[in-house]
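Hi,

Here is the structure I promised to hand over. Have a look first, and then read on for what turned up.

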Amino acid sequence: MKQESPVGKIILDGDKLGIVINEIKVGTMTESSLFSWDVNYEIKYFNGETCVMTRTSFYRLVLLKRIEILRDAE
């Protein structure tokens, strides 16, 4: 299942308000000569903290409702 990138979205992480500011793709070479990509998200919280989190962890926390992606008003 392909998820929409959360870059630019405001999130509520527990009691901290933040914004996903960057998608960081990191590539590694595997033994079978294939290139494998991993995606991380950089989150800047409004209290000044910064966090880099893997895409897998980010969406797991969204499913567990520990991170809420705040929706735009329509």
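First a quick one: is Tyr59 buried or exposed? Tyr59 is buried, with a relative accessible area of 12% (buried means under 20%, exposed over 50%, partly exposed in between, with a 1.4 Å probe and protein chains only).

Before the rest, some ground rules. This is a predicted model, so local features need pLDDT of at least 70 and side-chain atom pairs count only at pLDDT 80 or more, while totals for chains, interfaces and linings use all residues. Residues are numbered from 1 along each chain as its sequence is written, and side-chain values use heavy atoms, leaving out hydrogens and water.

The chain has 1 helix and 5 strands, in the order β-β-β-β-α-β from the N terminus (DSSP runs numbered from the N terminus: helices are H or I with at least four residues, strands E with at least two). Of its 74 residues, 20% count as buried. The average pLDDT, the predictor's confidence in each residue from 0 to 100, is 89.

Now the rings. The whole structure holds 3 aromatic pairs (ring centres of Phe, Tyr or Trp, the latter by its six-membered ring, within 6.5 Å; planes under 30 degrees apart are stacked, over 60 edge-to-face, the rest tilted). One of them is Tyr41 with Tyr59, edge-to-face at 6.4 Å centre to centre and 80° between the planes. Phe58 is buried, at 0%, and Tyr41, Phe58 and Tyr59 form one aromatic cluster.

Cheers
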